[in-house]
Amino acid sequence: MAKEPQTPMDDELARHEHEAEGAEQAAEKVAEERLMEGELEGLINDEEALEDSVDNPEAEMLAAQVGELEQSLAEAKDQALRAAAEAQNVRRRAEQEAEKARKFALEKFVKELLPVVDSLEKALETMEEGASEVHREGVSMTLKMQLDVLNKFGVESIEPHGEPFDPQVHEAMTMVPNPDLDPNTVMDVMQKGYLLNGRLVRPAMVVVSKKAD
């Protein structure tokens with residue numbers, strides 16, 4: 001089938017369509033350029049706003065106040081920890097003092113009672129052979145009762161006969177040359193010593209050996 005020849009009207013329509021396509025493409029290009037320019041301006045504005053916030057004196061003042069508050073909080077925590085540790089130390093010392101007072105409250109009483117024990121021991125040692133067994137047994141039982149009561153409350157005797165001399169718990173009354181013993185050995189106990197819960201109440205009075213001349 002033969003192609004129909006184009007009329008002047010067809011040429012005019014084709015020309016208008018071509019111009020419309022060109023205008024549409026130009027409009028799209030302008031829109032893209034404007035969009036890119038808007039994004040660039042937004043970035044510039046954001047950067048300027050950030051710079052303004054950095055240079056803002058009020059923001060700097062708030063940041064400084066926050067730093068001061070954080071430092072004050074750290075100091076308060078440190079003081080609270082120190083106060084708690086000090087309170088614990090005070091409580092521990094109070095408990096130790098109370099325990100010490102409980103253990104050694106009888107120290108003065110024990111010191112006053114020891115001469116009675118010494119007297120009973122001397123009486124038992126020097127009791128004459130003619131004394132009745134009843135008397136001896138009575139003194140012996142009384143002495144045992146006294147010692148049992150003392151032991152019950154943490155009192156123990158020091159009888160260092162034959163032991164090395166210890167100045168912490170012994171008191172040397174004299175020194176005697178003795179070739180049969182090492183120097184500074186307790187030869188004789190003149191008076192027993194006593195401890196109260198491990199603390200010295202009275203040192204043992206002793207005779208100490210020394211090297212023979």
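Good morning. The accessible surface of this protein comes to about 16,800 Å², and 56% of that area belongs to carbon and sulfur atoms. Such areas come from the Shrake-Rupley method with a 1.4 Å probe, and for residues only the protein chains shown count as cover.

The model is predicted: local features need pLDDT of at least 70, side-chain atom pairs count only at pLDDT 80 or more, and totals for chains, interfaces and linings use all residues. Residues are numbered from 1 along each chain as its sequence is written, and side-chain values use heavy atoms, with hydrogens and water left out.

Let us begin with the overall arrangement. The protein has four helices and six strands, and from the N terminus the order is α-α-α-α-β-β-β-β-β-β. Helices (H or I, at least four residues) and strands (E, at least two) are DSSP runs, numbered from the N terminus. Of the 213 residues, 15% are buried, where buried means under 20% relative accessible area, exposed over 50%, and partly exposed in between, with a 1.4 Å probe and protein chains only.

I turn now to the sheet. Three strands form an open sheet in the order β1-β4-β5, paired antiparallel; two strands pair if DSSP finds at least two bridges between them. Because β1 (155-158) and β5 (199-202) stand at the edges with a single partner strand each, one side of each has no neighbour in the sheet. On average, neighbouring strands here are turned by 35° against each other, direction ignored.

How many bridges join β1 to β4? There are four between β1 and β4 (residues 193-196), and Ile158 has Gly193 as its bridge partner in β4. Three bridges link β4 to β5, where Leu195 is partnered by Leu200. These two strands make a hairpin with two residues between them, and Asn197 in the turn has a positive phi of about 50°.

In a regular strand the side chains alternate between the two faces of the sheet. In β4, Gly193 and Leu195 point one way, Tyr194 and Leu196 the other, and all are buried.

Finally, consider Thr185, in the loop between β2 (170-177) and β3 (186-191). Is Thr185 buried or exposed? Its relative accessibility is 11%, so Thr185 counts as buried. Beyond its neighbours within four places in sequence, Thr185 is in contact (heavy atoms within 4.5 Å) with residues including Gly162, Pro164 and Val207. Its side chain also reaches the backbone oxygen of Asp182 at 2.8 Å.

Thank you for your attention.

Key:
Axes fitted to C-alpha atoms, helices over the stretch in contact; angles between N-to-C directions. Polar contact = N/O pair within 3.5 Å; in protein donor to acceptor, adjacent residues only side chain to side chain.
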